[in-house]
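Please examine the sequence and the three-dimensional structure shown here before reading the explanation below.

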Amino acid sequence: MLTPRALYLLRFLRYHRRLPDFRNPARISDKLALRILQGHASLLSKQMTDKLVCGELVRGISTDLRFKQVYAVYDTPGQLSLAALPERFALKPNHASGLHRLVLDKSWENESELRAVIAGWLKLSYYRASQEPNYRGIEPKVFAEELTLSATNFLPDECRLFCFHGKVGFIEYEFGETMEESVFVDRNWNPLQVRYKRQPPVVCIPRPPALGQAIEIAEKLAANFDFIRVDLFDLEGELVFNEVSISPWGGLVRFEPDSADKLLGAYWKRYAALEAIAVLRSASFSTTRNEHSS
């Protein structure tokens, strides 16, 4: 049976058609991959990964943000009661990434179906699925929270601030009614020649009025990290905390042009190359008892 590190290397190879550069990592995908392959995460990284714990920590750090209200937290599917929830809300697991259920009108929902969704999430080990060590050991819970929508009843724009050693390096700003358009810019809103693989070229939009405040907030939250991504909703100029990410995309992201991967990786200037070499030596394909104990 393959170790989590070996499984991740196989996923990376299948996705990128190459292995990470262990000895001289320059691409951001490689640097994120090597962070994952180290196989451990600090307590603070795990706390910031747990969406429920993270929200409480961020409240204590920044008073300049609006926070979404948490209506209920579920340890079992049977705890869900639509009658106790507002007309619209969002369901999310605290221990996984990319999973959510947006409820625009609860009268359209079937309570049994939602409980089945919750049951599936509670059984999920996202660490086993993604091999990202910051998810390891998080106690699974599902929560219902406020669904923040724009004045036109669409999801608001989202500002994703990539912070390196406490400073914002570059930003991905997602916008549009379908949230399928995004631009990459530096901290001064200068466009970067970066887009996702197969994403059509996007014209840069005007600088958001709340950008300066967003950068200040992100840098407060990033103070104790060599790298972290801070995600804030931009609700007509009001900033609403969404989440943070310790290893965005799981390192499995491809950009156009190919040089964009190195361009973004260059912001991580003080990346520990010696640690990367240590990972190369320890990324064995053999099974270890410790890595399968949770």
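The model is predicted: local features require pLDDT of at least 70 and side-chain atom pairs pLDDT 80 or more, while totals for chains, interfaces and linings use all residues. Numbering starts from 1 along each chain as its sequence is written, and side-chain values use heavy atoms, with hydrogens and water left out.

Rolling a probe the size of a water molecule over the atoms shows where empty space is left. Here, the largest pocket holds about 900 Å³ of space. A pocket is an open set of points, on a 1 Å grid over the protein atoms alone, where a 1.4 Å probe fits, with protein on both sides within 12 Å along at least five of seven lines; lining residues have an atom within 4 Å of a point. The volume is the space filled by probe spheres set on the points, which are joined across faces, edges and corners. The lining of the largest pocket comprises 41 residues, and those nearest its centre are Ser97, Gly98, His100, Arg160 and Glu243. Among the elements that give two or more residues to this lining are helix H3 (43-49), strand E5 (157-164) and strand E10 (238-245); helices (H or I, at least four residues) and strands (E, at least two) are DSSP runs, numbered from the N terminus. E10 gives the most, with four residues. By class, the lining has 17 nonpolar residues, eleven polar and 13 charged. In this count, Ala, Val, Leu, Ile, Met, Phe, Trp, Tyr, Cys and Pro are nonpolar, Asp, Glu, Lys and Arg are charged, and the others, Gly among them, are polar.

Leu2 lies in the segment before helix H1 (4-16). Leu2 is partly exposed, at a relative accessible area of 32%; buried means under 20%, exposed over 50%, and partly exposed in between (1.4 Å probe, protein chains only).

Most residues other than glycine have a negative phi, and most peptide bonds are trans. Trp189 is placed in the loop between strand E7 (181-186) and strand E8 (195-196), and counts as buried at 8% relative accessibility. Trp249, in the loop between E10 and E11, is partly exposed at 24%. A cis peptide bond, with omega about -10°, joins Glu256 and Pro257. Pro257 lies in the loop between strand E11 (255-256) and helix H8 (259-265).
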